[in-house]
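Hello,

Here is the structure I promised to pass on. My notes follow below it.

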Amino acid sequence: MDNLYESDLDEILGIEQRCYSHPWSRGHFLDSLQSGHLAQGLRSPNHTLMAYTIAMTVIDELQILNFTVAPDFHRQGLGYTLLEHLAQACQARGLTSMWLEVRVSNLAARSLYQKFGFTQVGTRTRYYPSHHGQREDAALMRLELNSLPTH
């Protein structure tokens, strides 16, 4: 797992635009990096960015703000690996839980999070922008870190 920096933004934005109908902007990523949020990625042996996450600590919890696997690397277990690294970082810092929002229509991501141990604890109505000015609900999910083995 590598820390991400401003010099990685072009590569990140290229992935972001291929993955999402409403991708984060350069400004979103810059704000997160300048705020000191946890910004980490997984790279291939030839240093291609395969997956990344941006997360922020709030008291004793980690809020995952962006969690992305590049399309060329889907279905290779990288999402699960990224979650394992995040959980280990949280446990090392004494954090108690991880939170995230995911589009209710994103069944693959929801399945991954549930497989890892997240449970849906609520719904954020009309949370995400969608096509033609519509909005989509988000599933609010939480993982209690004390339910995971420590590393």
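Ile59 sits in the loop between strand 3 and strand 4 (helices, H or I, of at least four residues and strands, E, of at least two are DSSP runs, numbered from the N terminus). Its phi is near 55°, a positive value in a residue other than glycine. Ile59 counts as exposed, at 79% relative accessibility. Here buried means under 20% relative accessible area, exposed over 50%, and partly exposed in between, with a 1.4 Å probe and protein chains only.

Before you go further: this is a predicted model, where local features need pLDDT of at least 70 and side-chain atom pairs count only at pLDDT 80 or more, while totals for chains, interfaces and linings use all residues. Residues are numbered from 1 along each chain as its sequence is written, and side-chain values use heavy atoms, with hydrogens and water left out.

His47 also has a positive phi, about 75°, although it is not a glycine. This residue is in the loop between strand 2 and strand 3. His47 is exposed, with a relative accessible area of 58%.

Thr48 lies in the loop between strand 2 and strand 3. It is partly exposed, at 29% relative accessible area. Leaving aside neighbours within four places in sequence, Thr48 is in contact (heavy atoms within 4.5 Å) with Glu11, Leu42, Arg43 and Phe73. Thr48 and Glu11 are 37 residues apart in sequence, yet 8.6 Å apart in space, C-alpha to C-alpha.

Now the core. The largest nonpolar core has 40 residues. Such a core is a set of buried Ala, Val, Leu, Ile, Met, Phe, Trp, Tyr and Cys residues joined through side-chain atoms within 4.5 Å. Among those with the most contacts inside it are Phe29, Met98 and Tyr113. Elements that each supply at least two residues of this core include helix 1 (9–19), strand 4 (61–69), helix 3 (78–92) and strand 7 (135–144). Met98 touches Leu62, Ile64, Leu83 and Phe118, among others, not counting residues up to four places away in sequence.

Next, the rings. The structure holds five aromatic pairs. Rings of Phe, Tyr and Trp (its six-membered ring) pair if their centres lie within 6.5 Å; planes under 30 degrees apart count as stacked, over 60 as edge-to-face and the rest as tilted. Trp24 and Phe29 form a tilted pair, 4.8 Å centre to centre with 55° between the planes. Phe29 is buried, with a relative accessible area of 1%. Phe67 and Tyr113 form an edge-to-face pair, 5.7 Å centre to centre with 70° between the planes. That pair links distant parts of the chain: Phe67 is in strand 4 and Tyr113 in helix 4, 46 residues apart. Both Phe67 and Tyr113 are buried. Ring pairs also link Trp24, Phe29 and Tyr52 into a cluster.

Last, the largest pocket. A pocket is an open set of points on a 1 Å grid over the protein atoms alone, where a 1.4 Å probe fits, with protein on both sides within 12 Å along at least five of seven lines; lining residues have an atom within 4 Å of a point. The lining has 35 residues, with Tyr20, Phe67, Asn106, Ala109 and Tyr113 nearest the centre. Strand 4 gives the most to this lining, with seven residues.

Best wishes
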